[in-house]
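Subject: Handover of a structure

Dear colleague,

Please find the structure below, followed by an account of what was found in it.

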Amino acid sequence: MASSTYRNGAVRNSSNPKSSSLKSRIPPSQPFSGSAIRRNSSPSFGSAAAAGDGGVPGRVRVAVRLRPQNAEELVADADFADCVELQPELKRLKLRKNNWDSDTYEFDEVFTEFASQKRVYEVVAKPVVESVLGGYNGTVMAYGQTGTGKTFTLGKLGEEDMSDRGIMVRSMEDILANISLETDTVCVSYLQLYMETIQDLLDPLNDNISIVEDPKTGDVSLPGASLIEIKDQQSFMELLRVGEDHRVAANTKLNTESSRSHAILMIHVKRSVTEKEDVNPSDNENSSHFVKPFKPLVRKSKLVLVDLAGSERVHKSGSEGHMLEEAKSINLSLSALGKCINALAENSAHVPLRDSKLTRVLRDSFGGTARTSLIVTIGPSPRHRGETTSTILFGQRAMKVENMLKIKEEFDYKSLSRRLEIQLDKLIAENERQQKAFDSEIEKINSEAQNRILEVERNFADVLEKERLKCQMEYIESVKKLEEKMIENQGKHGCNGYIHAKCIGEGPEVIISEDTTELKKQLEKEIHGRNEAEEEVNKLRSQLRQFTEAGAGGDAEILKLQTVLENEVHQKKKLEEEIIILRSQLLQLTFEADQMRLCLERGGFANGYADLASPMSQINHSQFREPGNGKKTPVASLFEQVGLEKILSLLESDDVNVQIHAVKVVANLAAEESNQERIVEAGGLDSLLMLLRSSEDETIRRVAAGAIANLAMNEANQEVIMAQGGISLLSMTASDADDPQTLRMIAGAIANLCGNDKLQLKLRSEGGIRALLGMVRCGHPDVLSQVARGVANFAKCESRAFSQGIRSGRSVLIEDGALPWIVQNANDEAAPIRRHIELALCHLAQHEVNAKDMIRGGALWELVRISRDCSREDIRSLAHRTLNAIPAFRAELRRLRVEF
Ligand SMILES: Nc1ncnc2c1ncn2[C@@H]1O[C@H](COP(=O)(O)OP(=O)(O)OP(=O)(O)O)[C@@H](O)[C@H]1O
């Protein structure tokens, strides 16, 4: 039997050209296998495909599958030849009309009764699954008469025999194998369309699910249906089982388990795609490392697997009553589907999509944007030739339907936000990790710094303690030695007292200079020790700075270190004070040694610093400045080594011992003419006056007065002393003091002031003269000597003022009652007293105005004596001249018949 074949259509039997007819003309088919989809050029953001523009043409692919004869057919049809003959290699199917006539149809694929489930899946469904994974919608649908194997082909679970697994099971297997569950999702809805009602097979109570169509894109969705996310095949199988249990089935004449509903499995696949942007390398360098350049896209696609209800004729199914209604409803929906396919196949302007819910749900699958495969199932029995023919014609028409495949791609905001969240989480975690590491590093540095500080504190305390003990020991040692030497010298040379020493012979000078050398050595040692302590303090300071800069220590540590430093500074100060004390002792000893040396040279006696207050002192201060051997005096060395300010500052020390030593040093310094003004300028006078005013220590007051007396040797200083209330203070002290040496110093100071012409009136008005004269109550020759000196100085200045006509009237001394004491002591056996008084009398006598009082007070006789007996020639002649010059004296001497 020859026949001519038309590709993609029916083939006319050549033996009977009349009966042959052109059954269909469809565009050239593409094989089922292999990718039939040419991807558009990469869709851009806001995909044109999603907006309904563009797309890839794709015809509906149709395969036919022949079910093997079942048991009943084996018996019933045993004598009849099958109504179909398959030519799978030609993808053709011959449908016998009778014994001599047949129609031949060509399909995209023809499966014999021996075709395996695997092959059917791979040829019919796999390409659709692949395009769903690529972002396109896809539909696989089974159409055919009841009992021809639609459910077997699509929904068989294959639990007993894995090879029986149908398209639904295998599709999910492929999908799960090709997606990433981290970035992609798969969700499933399982529904049945029964009697124009959509029921959720996963939630049967939900049986009135509405269909929503997007007017723009034509996309169909069933938002009321359960949407279950699938993570693994097992849970999917469970869902299929649940759905199968709920599917309406009935025992019909043709199939004991006939599905009475259209089953629709919707698999929604959402895949994240990263579209890399063209990155400018220079931009890349600057771009933040937090967000890499990418365009997050999400592809949403849907695989619809439809197991249609059987398409048999109502009477054949043997339906009655409710089942009849069922059959009618099934036929209604299937005929509506057929009409739509016809309209689409003929490119009709109107496609009656809205005639049934089935066509509304499947509107996307035929003539829409999905890739669609249809498998038509047929049985071999000649008894159902009519249904088989109808099924084959349905398939042939479906082959003419052209779809326009469109990718469903959207900008993935969710994915972007998820990515950013993940990135943020990572950054936060990284930040926390770094913070932890930083904190532990800080903690480590802190504890190291703490340990170091403790160590340094310990070391420094040790050094200080050692240094202090060393100084103490050396000091005690040196004092002991000196005392021993002094006692030894006193014993050798018969010297008495602490200060007074009368030494004869050679020897002492040698001993003293040895002592001095030793003391100097000690002093150098002290200085060295102090320098080392200072270096240590500086080292500590720089360490502290380093720790502070490195942020190593917290505030508490810094405070602690500061306290340590303050303590150290305090210790250092104390050490320095001790050094100054040692120096002052050395100075005193040197001074005393010098005096002793002078004494030895002159065979006289020496006084300590106190003598410096008196300009009449026998000590020549220039000897201190120039020892004669070219070396500097101890005083000069002290100045250079310690500094005047430092010495003066010790006058205000809280420690009385320090004050005592300091005031002695200042008194000695003040004995030198060159220092006197400097001391006052540096504020030394203020401190001395303060000590004199407020110190409760007699030694301090006495030495301070001595120092003031020394300073008062300088004319400029005399005015400053007066301006600072020094006269009143000295006067007050004079009236309160009992100690002869203190009185001696004060008398010396006032005596110095008495020698200043400008201070005459002030001295008197501020009680200076009265205080001076009051001190005679003490009776100590040293005090009397200073009083006499003051009186002589005052009388001399007064006499000058009278001569210059600046003053007139009686002498203040006479007015203040000094004359009796002057007359009484004019012939004192102590030479210094006698000489000062003799001078004072001469000055007073030079003015007529005083003569009367002097004659009355007995001063005339003293003058006569002086003019005759005074050992000093200059005073003797002065007295003589004065007696001759003053008429009152001459007259009185004449009256008394005294020969003169
Ligand atoms: N290719 C096949 N190989 C072996 N057995 C098959 C095949 N196709 C169908 N059968 C068997 O035929 C019977 C009917 O098949 P199935 O229920 O799948 O038909 P159907 O088209 O879904 O019927 P209905 O429309 O009534 O639901 C089942 O027992 C099934 O196992």
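**Strand β4 and its partners**

Strand β4 and strand β19 (residues 371–378) run parallel and are joined by six bridges; strands are taken as DSSP runs (E, at least two residues), as helices are (H or I, at least four), and both are numbered from the N terminus. Two strands are said to pair if DSSP finds at least two bridges between them. Please note that this is a predicted model: local features need pLDDT of at least 70, side-chain atom pairs count only at pLDDT 80 or more, and totals for chains, interfaces and linings use all residues. Residues are numbered from 1 along each chain as its sequence is written.

Within β19, L374 stands opposite V62. Strand β4 also runs parallel to strand β8 (residues 109–111), to which three bridges join it; there, F111 is the bridge partner of R65.

**Helices α23 and α26**

Helix α23 (residues 740–754) packs against α26 at an angle of about 10 degrees, and their axes are 8 Å apart. Axes are lines fitted to C-alpha atoms, for helices over the stretch in contact, and angles run from 0 to 180 degrees between N-to-C directions. The two helices, α23 and α26, are therefore roughly parallel to each other (angles under 35 degrees). Among the residues making the contact are L743, A747 and I750 of α23 and V783, V787 and F794 of α26.

**Residue S811**

S811 lies in the loop between α26 (781–803) and α27 (812–815). S811 is buried, because 24 other C-beta atoms lie within 10 Å. Leaving aside neighbours within four places in sequence, S811 is in contact with A795, E798, L844 and N850 (C-beta atoms, placed from the backbone, within 7 Å). The C-alpha atoms of S811 and D853 are separated by 9.9 Å, and these residues are 42 apart along the chain.

**The ligand shell**

Of the 18 residues around the ligand, those that come nearest are G149, T151, S258, S259 and G310 (a residue is near if its C-beta atom, placed from the backbone, lies within 6 Å). α3 (150–155) and β16 (258–259) each supply at least two residues of this shell, and α3 gives the most, with three residues.

Yours sincerely

Terms used
Buried ≥ 20, exposed ≤ 12 C-beta atoms within 10 Å, placed from the backbone. Contact = placed C-beta atoms within 7 Å. Parallel < 35°, antiparallel > 145°, perpendicular 65-115°, else oblique.
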